[in-house]
Amino acid sequence: KMAAAAAGGAGAAAALWSEVNRCGQNGDFARALKSVNKILQISKDDVTALQCKVVCLIQNGNFKEALSVINTHTKVLTSDVIAFEKAYCEYRLNRIENALKTIQSASQQTDKLKELYGQVLYRLERYDDCLAAYRDLIRNSQDEYEEERKTNLSAVVAAQSTWEKVMPEDLGLREATYELCYNSACALIGQGKLNEAMKKLQKAEAFFFLALIFLQDVTEEDIEAELAIIHGQMAYIMQLQGRTEDALQLYNQIIKLKPTDVGLLAVIANNIITINKDQNVFDSKKKVKLTNAEGVEHKLSKKQLQAIEFNKALLAMYTNQADQCRKLSASLQSQSPEHLLPVLIQAAQLCREKQHAKAVALLQDFADQHPANAAEIKLTMAQLKIAQGSVTKACMILRSIEELQHKPGMVSALVTMYSHEEDIDSAIEVFTQAIQWYQQFQASQTRGANPKSPVHLSLIREAANFKLKHGRKKEAISDLEELWKQNPKDVHTLAQLISAYSLVDPEKAKVLSKHLPSSDTMSLKVDVDALENSHGATYVRKKAGKLTGDNQQKEQGQGEVKKKKKKKKGKLPKNYDPKVTPDPERWLPMRERSYYRGRKKGKKKDQVGKGTQGSTTAGSSELDASRTASSPPTSPRPGSAAAVSATSNVIPPRHQKPAGAPATKKKQQQKKKKGAKGGW
């Protein structure tokens, strides 16, 4: 019975293994997993069955369960048997350090483990080791994955150029795919060759559309996802070139597509925040949420994640979230104690809170703890002192930066600041120290010879000009002599030297003046006729001609009588009558003339009563009928009405009209017209 049962179990296992094999060839790993589990029920420690189960789980994306199976059966699944599967599960679960240990502990380094080793080194940002690993793989393998290995190799070179600022070597890779073109563009961006990088990205885009012809079952989402990566890099180049509007437009277009790559979205959102700076902070607060998406930390490099955290701290400062800004900057400082930005952000936040003294003290402590970064910190301290109005203290801080004391920019800044404070002696001392540094450096480089570098000579000339400008001609003589010694043909320097000696040693000035070139040698070769006929000399020539004519007239003999200029006849008014004597007071204003009687008042205005109600005026007597002739007026004869109205001042009552009535009507009509016009 036992033999029969064993035979039956073996037959069932064989059927299950054939099912597993068939499902594996068809890619149906979920069904294959069911068959493998049935086999393990028959034989729970079957090494092959356990391996198949791990592979099926990996193919289905169940990396945690696969790793759990491996760790549960460590006695059966030793590192030699299942090292690759274990390392791959750890790699996919972002346990990169564990994956590296698993690979290194394997007794035999297979090709699969070498491929995975290269990926692990890239994620750990060990680019030199990664480059060596891929070179070894390309050299010692010949299969259909050679193009993918070259793509990975170019990605390593691009990362070195971008993050480590290493000059990439020419690997001789033929850019036949859009991935290789894209990686080459990234390497060019790291070198600062932005125009060439843009052309490479355009070439990559063209290669991508060409590759779509040969690809099958490619969805529109896949196309947009690939193009979004290329377009995002194009927008980054535009941003670096200062074309922020174009970059911002392209960034927003990519975000509207809603790509599934959280790393790409985080980078684009961060770049938009850097464009916004302290403006449009509400948009920045929306975009910063994209940088907090799950899984972003596994998609980006350490420097990218660090840059995002810096920008979060700056955004908190711009939005007046002081506590959040301090918290983020303190966290960044604990992660990278030697980094400058966290300390600078903290100092900026203190300055926004008007605590400049604390900001300076914070920067001073950092400079004392990290002397390598002291120069940049002291420059910031000097800027804060200048903002406070302490220019002299700022100069003291700048002069304490020994490695920058001789730089022309530093010398210029110090001289300008000391001049502003009217401390000419300190400014001259700055020039002297810088010139002495160059003298010592030049002597050490040339073994005792004394040739002056262009920067050295430029400093000497600036020092001489500064001393001459501020009346220190005695001190400027040595500098001018040094310059003239280096270039005896420099007439300008010789003239300055003679001018300086004229106040100190006139005899020396006379001796030096003999070295000046004669007037014949200094004559300029100028075509006078061409100069006079030029467009700009036309007006000057005409004016000069008039002046010379006047001079000739003055130089004539005294006997000649000067010709009088003819006076132009004055214009007469149109109604001018020569028979009538003009008014002698016509030049006076009307009010000042003797016959002015004031403005005539209209009769109708005189008839309007003035004063309180019931009072009478002088004109009221004319309206009183009792004061007229006692006899009733006779009816006018035909034809005599005009004569009566012309000679008599009496107006019949029926013919009288209220004073000012017509004018009132006109005014009312005007008001109506105006109102109507305004209504329209």
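## Helices α10 and α11

Axes here are lines fitted to C-alpha atoms, for helices over the stretch in contact, and the angles between their N-to-C directions run from 0 to 180 degrees. In this predicted model, helix α10 covers residues 178-191 and helix α11 covers residues 194-212. Their axes come within 8 Å and cross at roughly 170 degrees. Angles over 145 degrees count as roughly antiparallel, and α10 and α11 are therefore roughly antiparallel to each other. The crossing of these two helices is left-handed.

On the α10 side, the contact is made by Tyr-178, Cys-181, Tyr-182, Ser-184, Ala-185, Leu-188 and Ile-189. These residues meet Leu-194, Glu-196, Ala-197, Lys-200, Leu-201, Lys-203, Ala-204, Phe-207 and Phe-208 of α11. Sorted by class, the contact of α10 with α11 has 12 nonpolar residues, 1 polar residue and 3 charged residues.

## Helices α7 and α8

Two packed helices are described by the angle between their axes and the distance between the axes. For α7 and α8, the axes come within 8 Å and the crossing angle is roughly 155 degrees. The two helices are therefore roughly antiparallel to each other, and α7 and α8 cross in a left-handed sense.

From α7, the contact draws on Asp-111, Lys-114, Glu-115, Tyr-117, Gly-118, Gln-119, Leu-121 and Tyr-122. From α8, the contributors are Tyr-127, Asp-129, Cys-130, Ala-133, Tyr-134, Asp-136 and Leu-137. The residues of this contact divide into 8 nonpolar, 2 polar and 5 charged.

## Helices α8 and α9

Helix α8 also passes helix α9, which spans residues 146-163. The axes of α8 and α9 come within 10 Å and cross at roughly 160 degrees, so this pair is roughly antiparallel. The crossing of α8 with α9 is left-handed.

The α8 residues in this contact are Tyr-127, Asp-128, Cys-130, Leu-131, Tyr-134, Arg-135, Leu-137 and Ile-138. Those from α9 are Arg-149, Lys-150, Asn-152, Leu-153, Val-156, Val-157, Ala-159, Gln-160 and Trp-163. By class, the contact of α8 with α9 holds 11 nonpolar, 2 polar and 4 charged residues.

Some α8 residues take part in both of its contacts described here. Tyr-127, Cys-130, Tyr-134 and Leu-137 are listed for the contact with α7 and again for the contact with α9.

## The cavity

A search of the whole structure finds 1 cavity of 30 Å³ or more. About 40 Å³ of space lies in the largest cavity. Its lining consists of Asp-111, Lys-114, Asp-136, Leu-137, Asn-140 and Ser-141. The elements that give two or more residues to this lining are α7, residues 111-123, and α8, residues 127-140. Helix α8 gives the most, with 3 residues. In terms of class, the lining has 1 nonpolar, 2 polar and 3 charged residues.

Notes:
Residues numbered from 1 in each chain as written. Predicted model: local features only at pLDDT ≥ 70, side-chain atom pairs only at ≥ 80, totals over all residues. Heavy atoms only, no water. 1 Å grid on protein atoms, 1.4 Å probe; cavity = no way out; pocket = protein on both sides within 12 Å on 5 of 7 lines; lining within 4 Å. Points joined across faces, edges and corners; volume = space filled by probe spheres on them. Helix = DSSP H or I, 4+ residues; strand = E, 2+ residues; numbered from the N terminus. Nonpolar A, V, L, I, M, F, W, Y, C, P; charged D, E, K, R; others polar. Parallel < 35°, antiparallel > 145°, perpendicular 65-115°, else oblique. Left-handed = near helix turned anticlockwise from the far one by under 90°. Contact = heavy atoms within 4.5 Å.
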